[in-house]
Every structure is written in structure tokens, then in C-alpha cells.
Amino acid sequence: MGQPFTADVIDAVRRHMNDDHAADSLLICRSLGGQPSATAAAMTGMDGDGIDFTATVGGAPVEVRVPFARPLTARAEVRPEVVRMYQDACAALGVPARH
């Protein structure tokens, strides 16, 4: 799909995820990102097709790409999709979801 989001939108989402939802990002990377032994994760970017993280695996940085369930075209679609990812990750890992 490409990049429907401006740099300002990506930066705002990245700051919010890294400042307020680092534990959620870790769960997403462990489950949906295929890095079950990750010990930390930080969002690094996104486009209309998915979200990018750098996870720490075995003490080393690993780039992780998690696709969205469907292409996103508007900022208002990002939060519900990331919440879905978090809930799916919790379900897959057997962790109770907070929201």
C-alpha cells in the first residue's frame, strides 16, 4: 500500500507507543512478531501495511515487522488496529489483556 501517514503522525504514534505502551509492544513482538524470547521492544515506524519495531533478542537488536490485519489509510484507524494486535498477542500468550 505505501505510506498514507505523515512523518508527524508516525512520530506521534511512535512516541505514544514507546512512552506509554512499551510492555504492549513487547507482547506484540513476542507473539505476532515471532520473537518469543524478546526482552524489550520499541516502535520504530509504520506505514499503511504494518508497524515496525526493534526488539531485543539475546541482547541484540532485531528488526520486527508486524502486518496490520488490513491496510490502514487514516490516523483514526491506527489505535483500534494496535489494540487488536495487543489483544491478539495477549490471547496467544495466555496473558490477561488490560483493555
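**Helices H2 and H3 and two sites beyond them**

Biologist: Is the crossing of H2 and H3 left-handed or right-handed?
Modeller: This is a predicted model, in which local features need pLDDT of at least 70 and side-chain atom pairs pLDDT 80 or more, while totals for chains, interfaces and linings use all residues. Residues are numbered from 1 along each chain as its sequence is written, and side-chain values use heavy atoms, with hydrogens and water left out. Helices (H or I, at least four residues) and strands (E, at least two) are DSSP runs numbered from the N terminus. With the near helix turned anticlockwise from the far one by less than a right angle counting as left-handed, and clockwise as right-handed, the crossing of H2 and H3 is left-handed.

Biologist: Which word describes how H2 and H3 lie to each other?
Modeller: Helix H2 (residues 22-31) and helix H3 (residues 78-93) pack at about 60 degrees, with axes 8 Å apart; the axes are lines fitted to C-alpha atoms over the stretch in contact, and angles run from 0 to 180 degrees between N-to-C directions. Under 35 degrees counts as roughly parallel, over 145 as roughly antiparallel, 65 to 115 as roughly perpendicular and the rest as oblique. H2 and H3 are therefore oblique.

Biologist: How many residues of the contact of H2 with H3 are nonpolar?
Modeller: With contact meaning heavy atoms within 4.5 Å, Asp24, Leu27, Ile28, Arg30 and Ser31 in H2 meet Val82, Met85, Tyr86, Ala89, Cys90, Ala92 and Leu93 in H3. Ala, Val, Leu, Ile, Met, Phe, Trp, Tyr, Cys and Pro count as nonpolar, Asp, Glu, Lys and Arg as charged, and the others, Gly among them, as polar. The contact has two charged residues and one polar, and its nonpolar residues number nine.

Biologist: Is Ile10 buried or exposed?
Modeller: Buried means under 20% relative accessible area, exposed over 50%, and partly exposed in between (1.4 Å probe, protein chains only). Ile10 lies in helix H1 and, leaving aside neighbours within four places in sequence, is in contact with Gln3, Phe5, Met43, Gly45 and Met46. Because its relative accessible area is 14%, Ile10 is buried.

Biologist: What is the relative accessible area of Pro96?
Modeller: Pro96 is found in the segment after H3 and, not counting residues up to four places away in sequence, touches Tyr86 and Cys90, both of which are among the buried residues of H3. Pro96 itself is exposed, with a relative accessible area of 70%.
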